[in-house]
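Subject: Structure handover

Hello,

Please find the structure below, followed by notes on what was found in it.

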Amino acid sequence: MSEPTWKIVSKIGEIASDDVACVEIDGVKIAVVRTTDNQVFAIDSQCSHGRASLTDGYVDGLEIECPKHNGRFNVVTGEAVASPARMPLQTYPCRITGECVEIYY
Ligand code: FES
């Protein structure tokens, strides 16, 4: 794996407010969450409880809910905040630069 750098992964206009989009870097699927106040966060898309993709989940403030068993994760820290999810997920620095969304990966 190469040294981490800021990588453009999307245009901000491609991610609806209070929604999530899936991006892939080096084969890793990452859920990019855009909040209603235009912040962006990046968290591993694969739920730590099972085989569901958080990209198909539901954004609720700074949390994302897994569509399969309703486990929830904090998108800032990756912490599992509602069972049955218990193991945290990896998060990545994420920012908006102009019209672009970038992840430090
Ligand atoms: S697969 Fe996500 S909570 Fe079970």
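What share of the contacts in the chain with a separation of 6 or more comes from residues 24 or more positions apart? The share is 40%, where two residues are in contact if their C-beta atoms, placed from the backbone, lie within 7 Å.

Two remarks on conventions. This is a predicted model, in which local features need pLDDT of at least 70 and side-chain atom pairs count only at pLDDT 80 or more, while totals for chains, interfaces and linings use all residues. Residues are numbered from 1 along each chain as its sequence is written.

Overall form. The chain has eleven strands and zero helices (DSSP runs numbered from the N terminus: strands are E, at least two residues; helices are H or I, at least four). The C-alpha atoms fill a box of roughly 35 × 35 × 20 Å along the principal axes. The radius of gyration, taken over C-alpha atoms, is 13 Å, which agrees with the value near 13 Å for a compact globule of 105 residues; the globule rule is 2.2 Å times the number of residues to the power 0.38.

Sheet. An open sheet of three strands has the order E1-E11-E10, with antiparallel pairing (two strands pair if DSSP finds at least two bridges between them). Strand E1 (6–11) and strand E10 (94–97) are at the edges with a single partner strand each, so one side of each has no neighbour in the sheet. On average, neighbouring strands of this sheet are turned by 35° against each other, direction ignored (axes are lines fitted to C-alpha atoms). E1 is joined to strand E11 (residues 100–104) by five bridges, and Trp6 stands opposite Tyr104 in E11.

Core. Of the 105 residues, 27% are buried (20 or more other C-beta atoms within 10 Å of the residue's own, with C-beta atoms placed from the backbone). The largest nonpolar core has 24 residues; such a core is a set of buried Ala, Val, Leu, Ile, Met, Phe, Trp, Tyr and Cys residues joined through C-beta atoms within 7 Å. Ala31, Val32, Val33, Ile43 and Ile64 have the most contacts inside it. Strand E2 (19–25), strand E3 (28–34), strand E4 (40–44) and E11 each give two or more residues to this core. Leaving out residues up to four places away in sequence, Ala31 touches Val20, Cys22, Ile43, Ser45, Leu54, Thr55 and Ile64.

Annotation. An unreviewed UniProt entry carries "domain: Rieske" over residues 6–103; such annotations may be inferred rather than shown by experiment. Over that range the chain is 48% strand and 0% helix, with the end C-alpha atoms 5 Å apart.

Regards

Key
Axes are lines fitted to C-alpha atoms, for helices over the stretch in contact, and angles run from 0 to 180 degrees between N-to-C directions. A residue is buried if 20 or more other C-beta atoms lie within 10 Å of its own, exposed if 12 or fewer, and partly exposed in between; C-beta atoms are placed from the backbone.
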